[in-house]
Amino acid sequence: MSLDKFKIGAQYAMPKHLISRLVGKLAAAQAGKLTTSLIKGFIKQYGIDMSEAKYEDPAHYKTFNEFFTRPLKEGLRPIAEDKNIIAHPVDGKISQLGDIVDDRLIQAKGHDFSLQELLGGDENVAAPFQGGKFATIYLAPKDYHRIHMPIAGKLRKMVYVPGDLFSVNPLTAENVPNLFARNERVVAIFDTEIGPLAMVLVGATIVASIETIWAGTVTPPAGKDVFTWDYPDNGHNQLILNKGDEMGRFKLGSTVILAWGSEVADFLDSEVAGTVTRMGTPFAKIKNKEEQSEAKETPADE
């Protein structure tokens, strides 16, 4: 048996939720010198550039989680100001991107998965994104793990979808079918100038928690049912986030999947699978109203 096959087989066998929650407790513990030692080891292991961090000294962080979700120095990730540009929401690497065709998104060569299943199984939630675009961005352990808005939006819905906790690294994506639609995840749906925008925060092995800025920790604890929260369209309690605002964070690494509707925006030519991303840099260009109208009037086979 090859080493890769052994790694994949071990993921099926291991108690991933139990391991993840135990790691989560350790990551949240204020363990003094032990915490600092763990942080220093992690920095060395993954080659983390602490010169980017607001607080460079590992001893500043009381818990591993504080370190892992560390803020960056102010101004280090400027947000693309062009109103017609959709910005990268995270530091990471593009795994896949492209068209949503017949409810399917590409996971890896030989694997795809269902948009409707990814978003929690509700056909009405998935409908506005059919025929649109998607992008999957993988956050490695060394990356900045706060997630920001790629475009201004008003929060309309959040969905917690229970699931497994496979690793989401490239090896697993290439070998575990339906990976992103089988892992635990949090789906946020926003109203934006280009229509609905979905941001899916996918859990993974040893991800201690997924948080949003409006709900705090969404998971853990893990559940067995899909839960949905709706948010007001107007009034005092509506939540509007500007482009570049933080919307959530991972405590230990994972993946973000974006989706938007048909004929409203195209990825820049420079954005392809394997591209390293930096939060705030240009990702896609919004089509003007004339371009959108022309695209919708042109038959798909032309």
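This report describes selected strands, loops, a surface patch and annotated residues of a predicted model.

Strand β15 spans residues 255-260. Six of its six residues are buried, so the strand is largely enclosed by the rest of the structure. In a regular strand, side chains alternate between the two faces of the sheet. In β15, Thr255, Ile257 and Ala259 point one way, and Val256, Leu258 and Trp260 point the other way. Both sets of residues are buried.

Two strands are described here as partners of β15. Strand β5, residues 133-138, pairs with β15 in the antiparallel sense over six bridges. Within this pairing, Ala135 stands opposite Leu258 of β15. Strand β9, residues 195-202, also pairs with β15 in the antiparallel sense, over six bridges. Here Ala198 has Ala259 of β15 as its bridge partner.

## Annotated residues

The UniProt record, an unreviewed entry, lists Asp91, His148 and Ser254 under "active site". Ser254 also carries the annotation "modified residue: Pyruvic acid (Ser)" in the unreviewed UniProt entry.

Ser254 is placed in the loop between β14 (246-251) and β15. Its relative accessible area is 0%, so Ser254 counts as buried, the cut-off for that class being under 20%. Asp91 lies in another loop, the one between β1 and β2. Asp91 is buried as well, with a relative accessible area of 3%.

## An open three-stranded sheet

Three strands form an open sheet with antiparallel pairing, in the order β1-β18-β16. The edges are taken by β1 (85-87) and β16 (265-267). Each of these edge strands has a single partner strand, so one side of each is left without a neighbour in the sheet. On average, neighbouring strands of this sheet are turned by 30° against each other, with direction ignored.

The pairing of β1 with β18 (residues 282-286) is antiparallel and runs over three bridges. In that pairing, Ile86 has Ala284 of β18 as its bridge partner.

## Positive phi angles in loops

Most residues other than glycine have a negative phi. Two residues with positive values are described here.

Asp102 is not a glycine, yet its phi is positive, at about 50°. This residue is found in the loop between β2 (92-99) and β3 (104-108). Asp102 has a relative accessibility of 71% and therefore counts as exposed, since the exposed class begins over 50%.

Asn178 is a residue other than glycine with a positive phi near 60°. The loop that holds Asn178 runs between α7 (170-175) and α8 (179-182). Asn178 is partly exposed, with a relative accessible area of 22%.

## A nonpolar surface patch

Leu26, Leu34 and Leu38 make a nonpolar surface patch of about 260 Å². One of these residues, Leu26, is found in helix α2, residues 16-28. The relative accessibility of Leu26 is 45%, so this residue counts as partly exposed.

Note on methods
Residues are numbered from 1 along each chain as its sequence is written. This is a predicted model: local features need pLDDT of at least 70, side-chain atom pairs count only at pLDDT 80 or more; totals for chains, interfaces and linings use all residues. Side-chain values use heavy atoms; hydrogens and water are left out. Buried means under 20% relative accessible area, exposed over 50%, partly exposed in between (1.4 Å probe, protein chains only). Helices (H or I, at least four residues) and strands (E, at least two) are DSSP runs, numbered from the N terminus. Two strands pair if DSSP finds at least two bridges between them. Axes are lines fitted to C-alpha atoms, for helices over the stretch in contact, and angles run from 0 to 180 degrees between N-to-C directions. Patches are made of residues with over 30% relative accessible area and no salt bridge: like charges are joined within 9 Å, nonpolar side chains (Val, Leu, Ile, Met, Phe, Trp, Tyr) within 5 Å. Accessible areas come from the Shrake-Rupley method with a 1.4 Å probe; for residues, only the protein chains shown count as cover. A salt bridge is a side-chain nitrogen of Lys or Arg within 4 Å of a carboxyl oxygen of Asp or Glu. UniProt positions are given in the numbering used here, feature names are shortened, and annotations may be inferred rather than shown by experiment.
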